[in-house]
Structures are given as C-alpha cells and as structure tokens.
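Please have the model open while reading.

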Amino acid sequence: MAEAAATATATAEQTNGSNGGEQKTRHSEVGHKSLLKSDDLYQYILETSVYPREHECMKELREVTANHPWNLMTTSADEGQFLNLLLKLIGAKKTMEIGVYTGYSLLATALAIPDDGTILAMDINRENYELGLPSIEKAGVAHKIEFREGPALPVLDQLLEEEGNHGAFDFVFVDADKDNYLNYHERLMKLVKVGGLVGYDNTLWNGSVVLPDDAPMRKYIRYYRDFVLELNKALAADHRVEICQLPVGDGITLCRRVK
C-alpha cells in the first residue's frame, strides 16, 4: 500500500540573510531520496558504506525497481541498510509492513529476522510486489512473508479482534497512505508489544514540513503535507511512545512503545 505517487522533491529557495544573496536549497528531483544538500556527499555514503555491503538480491531488486515508472516510491538503499541493522539490534522476530511496493524494505526485513521469523505484508497492489518477488525468493526468505492485497485498516481491525494479537508484534514499518498514518498508529499501539518499535516513513516529506504554506509544491506534496505535519505533532505529544526522528531517506520516525 505504498503511496499513490512517487516521492519527488519540491522546488524552493531561501534567502541568506547574512549577505542578502540567494542561497539555493537542494529540492530538485535527482532520482533518489535524500535530504542532504550535497548529492556528492550522499553518493559518497552509498558507495563507501551502503553498496559494498548490500546483499546481492537487494541490489538486484533495487535495479529492477529502478526501471519501474514509480521508482521513487521505493525505500532508499541507505534506509534499507538502516532498517536491516535496526531489526538485528532489537532481535525482532514477528513483524509487519504496511506499504510494500516492490519489496526493497520488505527484503531488508526478511534478511534481518531469524529463519522462523514472520512478516505480515500489506499493499493494495500485488503486481508491484510480484515484480520484486523473484529477488525475494532468490534470497531464500519468501517463506517468512505473508502478503495480503488490499487496504491495511480492515486487516488491522481483524487482528485486534483476537486478544492473542495484542502486543504480539516486535516491529512494524509503515510506508503507505499518509492520510491514514494516525489511524494506523492507534491500532498499532495495541498490536506492538511494550518495548517494540514502529517506524513511520516519509515524516520529513521532501523537506516540505519546514516550507511556508505559500511555497511552490507539487500537488501531492502539498496535499499530504498537512497529514505529515499532523502526524509529527501527534507523535511528539504521545506519551505511549519514545520517539526519534531521523533524516534518513525521506525522514523516518521511530516510535518505541513504553505503555
């Protein structure tokens, strides 16, 4: 259930008050998700620390996804690396992913959890998932994944009907329709165990969260921006979780359930 439009950056300029000149902030479409102002610096990170350690099946899936017309919807390679390491650090076993697209983050998760670990994966588009499925099968981790096509909210509500699902999940990654993030959050606070993590993707939304309301933005950036701002405000005030917002990819907020 990945977002309906590919993530691209808005165009904006900011004034440098110290010398009165114009300083351009990088908000141009460059074919990857990064909030770094320097493309060269981001490429350095990829080539030095990410690509040399990338699993061959993840590389294959990344290259397959690059040819898809919505390729900017994919999780960036550095974020995939981050998720993979994070899951190993917390020892996650039972996980969930809301919004799959071609499955790059899904594969990062599947490679991180133990052989008897599970991922409940939900997306409204099975065709995109099946585009990445050969790489997932090649990696030998397809048996960990239960894929369900369709909206996620009915599935979450169905899970909540069973008492045994309450507090059963170690980790959930959400990269889907931004207008439902808060709806997901309320349900996930019951499904994730105390001490478990939920990761919300795109919480800096191409940097638009700090732009003035009248700044030029693509239509879908402007439309979902208010939902992202509302989410960020709500998470900061939610005492059920500890949070950490990181400028990885398009921004990811980690929420650790504490009550």
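**Helix H5 in its setting**

Of the protein's 259 residues, 52% count as buried, meaning under 20% relative accessible area with a 1.4 Å probe and protein chains only. This is a predicted model, in which local features need pLDDT of at least 70 and side-chain atom pairs count only at pLDDT 80 or more, while totals for chains, interfaces and linings use all residues. Residues are numbered from 1 along each chain as its sequence is written, and side-chain values use heavy atoms, with hydrogens and water left out.

Me: At which residue does H5 bend?

Reply: The bend is the angle between axes fitted to the seven residues ending at a residue and the seven starting there. In H5 this angle is about 40°, and Pro 134 follows within four residues of the bend, which lies at Gly 132.

Me: Which strand is included in what covers the buried residues of H5?

Reply: The buried residues of H5 include Tyr 129, Gly 132, Leu 133 and Ile 136. Their cover, judged by contact (heavy atoms within 4.5 Å), includes helix H2 (56-66) and helix H4 (104-112), together with strand S5 (145-149).

Technical notes
Helix = DSSP H or I, 4+ residues; strand = E, 2+ residues; numbered from the N terminus. Buried < 20%, exposed > 50% of the residue type's maximum accessible area, 1.4 Å probe, protein only.
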